[in-house]
Amino acid sequence: MKTVRKIIEIDEGKCNGCGQCVPACAEGALSIVDGKAKLVSDVYCDGLGACLGECPQDAIRLIDREAEEFNEEEVKKYLKEKEQAEKGLDTIACGCPSSHIKMLKPLGAATGQSALQSGASCSSGRSALSQWPIQIRLIPASAMFLKGAHLLVAADCTPAAYPDFHKDFLQGRILMIGCPKFDDAEDYVQKFAAIFKEADIKSVTVLSMEVPCCSKLPVIVRKGMELAGKGVPMEDVVIDVRGGILKRTKIAA
């Protein structure tokens with residue numbers, strides 16, 4: 001039943017999609033869709049405005065409008081379903097809860113795709129990581145931080161080889177990291193197919209090493225894209241073992 005009550009309103013003109021408001025809402029009423037914060041449903045918003053103080057753009061405010069009443073039972077049901085969807089591989093064999101989904105606040109930088117779009121810079125010595133987990137195998141296709149994201153798919157040796165990994169590549173992107181030699185390539189293909197099918201990915205940067213085993217990584221990503229029937233702009237970057245950029249190839253959607 002609809003009634004006039006307090007509820008949040010998001011100014012999409014101000015919102016840069018940083019995602020800092022999402023974890024602040026205990027009811028899960030907010031999500032990032034197409035690079036903007038959205039109210040998932042009126043029934044999930046209690047109108048208390050816990051998310052207001054988390055928005056660096058002052059894009060969220062409380063207003064009075066006609067809306068469906070807040071429904072605590074629906075919230076519980078929604079959160080349970082969301083938790084199950086995002087669990088994926090909830091724990092690895094050692095029992096470590098390394099795949100728990102988290103949105104992070106990069107130190108001194110905006111999160112997710114918004115920083116890439118706005119051109120915000122990442123100061124030297126600061127982390128640009130905006131989400132957890134980062135391992136390809138541990139990220140479920142339903143993870144909220146994938147929605148409308150710019151992906152950085154990186155071979156796990158590249159951050160050690162390339163000194164400005166955070167500033168030049170990670171800033172403004174969602175990181176997926178793994179090893180195409182030691183991990184199952186077909187599992188990777190299926191994972192990327194599910195992500196491209198579900199998450200409306202905006203672009204992909206694939207960062208690999210010059211060693212032969214690493215050359216499979218961009219092929220795996222393209223196969224996943226083809227399986228999903230999607231065309232996403234992609235850049236293939238190869239790093240040499242001394243830490244320089246050996247090659248950059250842009251592939252149109």
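**Entry 1: Pro 56**

I located Pro 56 in the loop that joins β3 (36-39) to β4 (60-68). I note here that the model is a predicted one. I then looked up the solvent exposure of Pro 56: its relative accessible area is 49%, so I recorded the residue as partly exposed. Leaving aside residues up to four places away in sequence, I found that Pro 56 touches Cys 18 and Gln 20. Gln 20 lies 36 residues from Pro 56 along the chain, yet I read a C-alpha separation of 8.1 Å for the two.

**Entry 2: Cysteines**

I searched the whole structure for disulfides and found zero. Cys 51 is buried, at 6% relative accessible area.

I repeated the check for Cys 157, where the closest cysteine sulfur, in Cys 214, is 6.3 Å away and therefore also too far for a bond. I logged Cys 157 as partly exposed because its relative accessibility is 46%.

**Entry 3: Helices α5 and α6**

I examined α5 (residues 185-198) against α6 (residues 216-228): the axes come within 7 Å and cross at roughly 50 degrees. I therefore classed α5 as oblique to α6. I recorded their crossing as right-handed. The contact includes Tyr 188, Phe 192 and Phe 196 from α5, and Ile 220, Met 225 and Leu 227 from α6. Sorted by class, I find eleven nonpolar, two polar and two charged residues in this contact of α5 with α6.

Definitions and conventions: Residues numbered from 1 in each chain as written. Predicted model: local features only at pLDDT ≥ 70, side-chain atom pairs only at ≥ 80, totals over all residues. Heavy atoms only, no water. Helix = DSSP H or I, 4+ residues; strand = E, 2+ residues; numbered from the N terminus. Buried < 20%, exposed > 50% of the residue type's maximum accessible area, 1.4 Å probe, protein only. Contact = heavy atoms within 4.5 Å. Disulfide = S-S within 2.5 Å. Axes fitted to C-alpha atoms, helices over the stretch in contact; angles between N-to-C directions. Parallel < 35°, antiparallel > 145°, perpendicular 65-115°, else oblique. Left-handed = near helix turned anticlockwise from the far one by under 90°. Nonpolar A, V, L, I, M, F, W, Y, C, P; charged D, E, K, R; others polar.
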